[in-house]
Amino acid sequence: MTLRSAATVSIIGLTCKAFLNSGLCKISVNGLQHLSQALENAHREHDRGIVTISNHISTLDDPVTWGILPVKYYLRSSRFTRWTLGASDIMFTNRVFSSFFRHGQVLETFRGKGIYQPAVENAIEKLNQGCWVHLFGEGKVNQPDTYQKDENGLATLPRFKWGVGRILSSTAHPPIVIPMWITGFDKLMPEGRAFPFKYFPRIGARLSVTFGGPLPLDHIQSIQSRVSSERQPEETQIELDARMRTEITTAVHQAILDLGRRVSGPSLGNL
């Protein structure tokens with residue numbers, strides 16, 4: 001981590017912590033020990049990365065969510081603060097923004113350029129170095145009032161991008177995967193407001209951040225083994241890899257959805 005990057009990450013993190021403690025909103029945090037234990041796990045010395053994956057309900061989810069972290073994490077190496085992927089057409093629109101987000105540990109991602117673009121490769125490399133990568137599986141903001149219902153009438157999370165499966169299936173060692181569920185950020189920063197109000201958070205929002213327990217370390221490998229064992233004679237390697245990524249992505253999506261229903265109920269917060 002360069003000095004400029006360290007300063008950027010520390011200032012942003014401490015600013016978000018100050019906001020969460022300012023009284024302008026209320027925040028409840030559950031299960032943070034799952035992330036803390038992973039960040040301080042001895043396996044990281046053997047380059048086992050960490051992946052947190054959550055729903056994405058506002059433009060302030062990142063970085064405000066990470067204001068819940070202990071101050072000590074902002075003052076240590078980049079292994080204790082997240083890397084994430086960010087849309088080029090939103091975050092990297094000019095030289096100033098590009099510099100800011102790059103030093104803030106955001107990997108520039110191009111919509112529509114697929115799962116083999118440099119941002120995905122860089123995320124895999126970060127995990128191979130034992131870093132922490134956060135993913136918003138949906139790839140964009142979807143506020144709860146836009147959620148569709150399944151055949152049972154339950155609200156459901158939009159499908160995750162296949163890049164999730166690509167990243168999780170391509171690391172040298174299976175990463176520690178921690179599901180997350182956030183609520184209230186859609187009230188803090190609602191979509192669809194007129195200029196200039198859309199750029200300002202609303203005060204008084206009730207926020208929550210919940211970390212589920214890590215998925216079993218062999219979870220991804222067991223999916224890979226099962227899919228490989230079911231390979232059909234006419235199935236090409238490309239088709240097999242695609243099916244494997246699909247099943248891994250679907251399994252992780254289900255883990256986040258299950259956590260969301262435990263936290264927010266069958267409506268997933270769309271009341």
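The model is predicted, so local features need pLDDT of at least 70 and side-chain atom pairs count only at pLDDT 80 or more, while totals for chains, interfaces and linings use all residues. Residues are numbered from 1 along each chain as its sequence is written, and side-chain values use heavy atoms, with hydrogens and water left out.

Let's start at proline 214, which sits in the loop between β9 (205-211) and α10 (219-229); helices (H or I, at least four residues) and strands (E, at least two) are DSSP runs, numbered from the N terminus. Proline 214 has a relative accessible area of 39%, so it counts as partly exposed (buried means under 20%, exposed over 50%, partly exposed in between, with a 1.4 Å probe and protein chains only). Apart from neighbours within four places in sequence, proline 214 is in contact (heavy atoms within 4.5 Å) with His34, Ile176, Val177 and Ile178. Along the chain, alanine 38 is 176 residues from proline 214, yet their C-alpha atoms are separated by 8.6 Å.

Next come the aromatic rings. A pair of rings is described by the distance of the centres and the angle of the planes. Rings of Phe, Tyr and Trp (its six-membered ring) pair if their centres lie within 6.5 Å; planes under 30 degrees apart count as stacked, over 60 as edge-to-face and the rest as tilted. The structure holds six such pairs. Phenylalanine 92 and phenylalanine 101 have centres 6.1 Å apart and planes at 50 degrees, so this pair is tilted. Phenylalanine 92 is buried, because its relative accessible area is 7%.
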